[in-house]
Structures are given as structure tokens and as C-alpha cells.
Amino acid sequence: MRIGGRCKWRERLDDAILTLRASETGFGLWIIKTAGNPDAVLAIDEFILNHQDNWFVREVLGMLRRTFARIDVTSRSIYAIVEPGSCYAGTLLELALAADRIYMRDTQEAGSIANMALSKMNFGPLRW
């Protein structure tokens with residue numbers, strides 16, 4: 001399953017979690033993968049941090065907290081796969097941290113390596 005879109009990924013992720021928990025009870029293992037530009041995620045994280053006094057940004061942060069809390073209490077095994085081209089940075093890194101296990105591929109395909117990046121969002125605003 002791929003979660004895509006520019007601004008809709010949070011809603012799609014929340015919908016996917018609720019659908020898998022309620023309708024697809026036979027799936028005992030969820031595998032989370034990301035793809036994209038980590039710098040874009042870090043830039044959005046910085047924007048959110050700089051505008052926390054805005055009501056809409058506070059709502060977005062609240063929805064993110066609820067989404068990650070849903071992952072945390074899901075009674076399924078969740079694995080995060082980190083590979084070249086992954087986008088586990090800032091807010092999206094919380095997906096990997098909420099998983100039961102994180103697997104990082106030790107490979108250098110086409111000159112790129114798997115990596116993860118922290119942002120200030122990982123140190124407070126997303127705590128649930």
C-alpha cells in the first residue's frame with residue numbers, strides 16, 4: 001500500500017489504519033514503506049513549528065497525534081522498511097518509531113543509501 005499525495009497523506013494514512021483495523025482483520029502484519037523527498041518533509045515540519053499559533057496548524061498537529069496513537073495501540077505486528085529512496089524524516093520518521101520493528105536495508109543501489117532524519121517535530125509537538 002502506498003500513501004501518496006501532497007497534503008492528503010495524513011488523511012489517507014488515518015483512513016488506511018481505520019480500514020485495516022476494522023475491515024481487514026485477517027492481516028496480522030502491516031509493512032510500512034515511504035518514498036519521497038525527505039527535505040520536503042523537513043521543510044513542512046519547520047513550517048508547522050513556526051506557525052503553531054495558527055488554529056489550523058494546531059488542528060493538523062492534533063490529527064497527527066491521534067493518527068500515531070492509533071498506530072501505537074493497533075493489535076497488529078507493524079514493520080517499517082527503510083531502503084534507498086525512503087522518506088523517513090521528521091514527521092514521517094514517527095511512523096517507523098511507532099512500528100514494532102524497523103528494518104534498514106544495507107545496500108547501495110544506484111549510489112544511494114537508506115537513511116533517516118530527525119527534526120524538531122520529533123522532540124515534543126507529536127507526543128501523544
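This is a predicted model: local features need pLDDT of at least 70, side-chain atom pairs count only at pLDDT 80 or more; totals for chains, interfaces and linings use all residues.

1. Residues are numbered from 1 along each chain as its sequence is written, and side-chain values use heavy atoms, with hydrogens and water left out.

2. The open sheet has three strands in the order β1-β2-β4, with parallel pairing. Strands are DSSP runs (E, at least two residues) numbered from the N terminus, and two of them pair if DSSP finds at least two bridges between them. β1 (29-32) and β4 (101-104) each have a single partner strand, so one side of each lacks a neighbour in the sheet.

3. Strand β2 (residues 77-82) and β4 are joined by four bridges. Y79 has R101 in β4 as its bridge partner.

4. There are two aromatic pairs (ring centres within 6.5 Å, using the six-membered ring of Trp; planes under 30 degrees apart are stacked, over 60 edge-to-face, the rest tilted). W55 and F56 are edge-to-face, at 5.7 Å centre to centre and 80° between the planes. Y79 and Y103 are edge-to-face too, with centres 5.3 Å apart and planes at 65°. This second pair links strand β2 to strand β4, across 24 residues.

5. How exposed is W55? Its relative accessibility is 58%, which counts as exposed (over 50%; buried is under 20%, partly exposed in between, with a 1.4 Å probe and protein chains only). Y79, at 23%, is partly exposed, and Y103 is partly exposed at 38%.
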